[in-house]
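Trainee: I am new to this structure and would be grateful for a close look at a single part of it. Could you please take me through the interior and the charged pairs that belong with it?

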Amino acid sequence: MTAGSGAMVRQATGSPVRLALGLVLALAAVVLAGMSFGVSGLPVARALRLLLAPDGSPDSALVWDVRLPRAMLAMLVGANLAIAGVLIQTLTRNPLASPQTFGINAGASLVIVISLIAVPGLGAGGTVWPAFVGAAAVGLAMWALSVSGAMNEMKLALAGISIQLVLAALVQAILIANNAGQDIVYWLAGSINGAQWHRVWIILPFTIIGGGIALVAGRHFGVLALDGATGVSLGQSARRVGGLAAVLIVLLAGSAVAVSGPIGFIGLLVPHIVRRLAGSDQFTVIALSAIAGPLLLSAADLLGRVAAFPAETPVGIVTALVGAPALLVILWRQRAA
């Protein structure tokens, strides 16, 4: 087992069931707060009543047509990014891996922007497949580097960040050269503002299928943290399991970028938080990350709305402000280890 994989092995400090219950209650509280907060404020009790029993009033339309799809999108995107983060850290045995630090989000964004420039009328549904192409291309390159043995965990993370910066620069160059609209620029900041139900329906199948498979196969992914001989002795094929994990990472991260832009740090921070609280059992980490990811992203979205009220700060900026210092702490701990 490598130093990186060893850093990912922790003993549980709390009951997974109690942790799951606490996360669900916290998520419900944050979502309800988001339902009631806004330029058109609603008392929490009224927001809850309208959520449970819509009455056709303007307030009911506000809850069901504006704030509920936003809350749903935040939860689905957060779940996708968190589960993808667990899988990519396990696949590469690298605790610094995430869809952002390995450039997967940036690869998806680049191909989406090229597609939007080439086909101006391309809708949100049409960006999903370009996102998969970009995510898969960068993911394959990073996986090749990870299995080459030429880089340790720190160097691999720095290589991913370098790829992310290069791809982000290319995106900016394309936008400037084509005088792109403000909506694309805002999307690139990572935003769920103005979410509508059609975006929820776009990502929902990938969350259900990708997250469901990840949960069902969760314990099998533990073989990826073992050496090949040990995996074979346990009757597991690391190549097949790794291939499944790679496909799920592309589906989960690509669909999230397609509907919300490249939101960072969720896939990096959530697995670390969950492992510290619940230990390293792979099924438990995936299951709790599927709750903690929505909680963290929903809380960041609410914070962005409160901090800039009556304007809004894109959630991607909020997660970056919170996540960047956390990444430095993780890097420092890896260096000390």
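Mentor: A nonpolar core is a set of buried Ala, Val, Leu, Ile, Met, Phe, Trp, Tyr and Cys residues joined through side-chain atoms within 4.5 Å. Please keep in mind that this is a predicted model.

The largest nonpolar core has 85 residues, and the members that touch the most others are Leu73, Val77, Leu87 and Phe221. Helix α4, residues 58–92, supplies the largest share of this core with 16 residues. Let us take Leu73 as an example. Setting aside its neighbours within four places in sequence, Leu73 is in contact with Ile192, Ala195, Arg199, Val200, Ile203 and Val259. As a general background, nonpolar side chains tend to be buried together in soluble globular proteins.

We may now turn to charge. The structure holds 5 salt bridges. In one of them, Arg70 pairs with Glu312, and their closest N and O atoms are 2.9 Å apart. Arg70 belongs to helix α4, whereas Glu312 sits in the loop between α13 and α14, so this pair ties together parts that are 242 residues apart in sequence.

Another salt bridge joins Asp301 to Arg305, with the closest N and O atoms 3.9 Å apart. These two residues are 4 apart in helix α13, which means that about one helical turn separates them. Asp301 and Arg305 are both buried. Through salt bridges that share partners, Arg70, Asp301, Arg305 and Glu312 are joined into one network.

A further salt bridge links Asp281 with Arg219, whose closest N and O atoms are 2.6 Å apart. Asp281 is in the loop between α12 and α13, and Arg219 is in the loop between α9 and α10, so the pair ties together parts 62 residues apart in sequence. Asp281 counts as partly exposed, at 34% relative accessibility, and Arg219 is exposed, with a relative accessible area of 54%.

Ile208, Ile209, Ile213 and Leu244 make a nonpolar surface patch of about 340 Å². Helix α9, residues 197–216, gives the most to this patch, with 3 residues, and Leu244 lies in helix α11, residues 238–260.

Terms used:
Residues numbered from 1 in each chain as written. Predicted model: local features only at pLDDT ≥ 70, side-chain atom pairs only at ≥ 80, totals over all residues. Heavy atoms only, no water. Patch = residues over 30% accessible without salt bridge, like charges linked within 9 Å, V, L, I, M, F, W, Y side chains within 5 Å. Areas by Shrake-Rupley, 256 points an atom, 1.4 Å probe, with all protein chains shown as cover. Salt bridge = Lys/Arg side-chain N within 4 Å of Asp/Glu carboxyl O. Buried < 20%, exposed > 50% of the residue type's maximum accessible area, 1.4 Å probe, protein only. Contact = heavy atoms within 4.5 Å.
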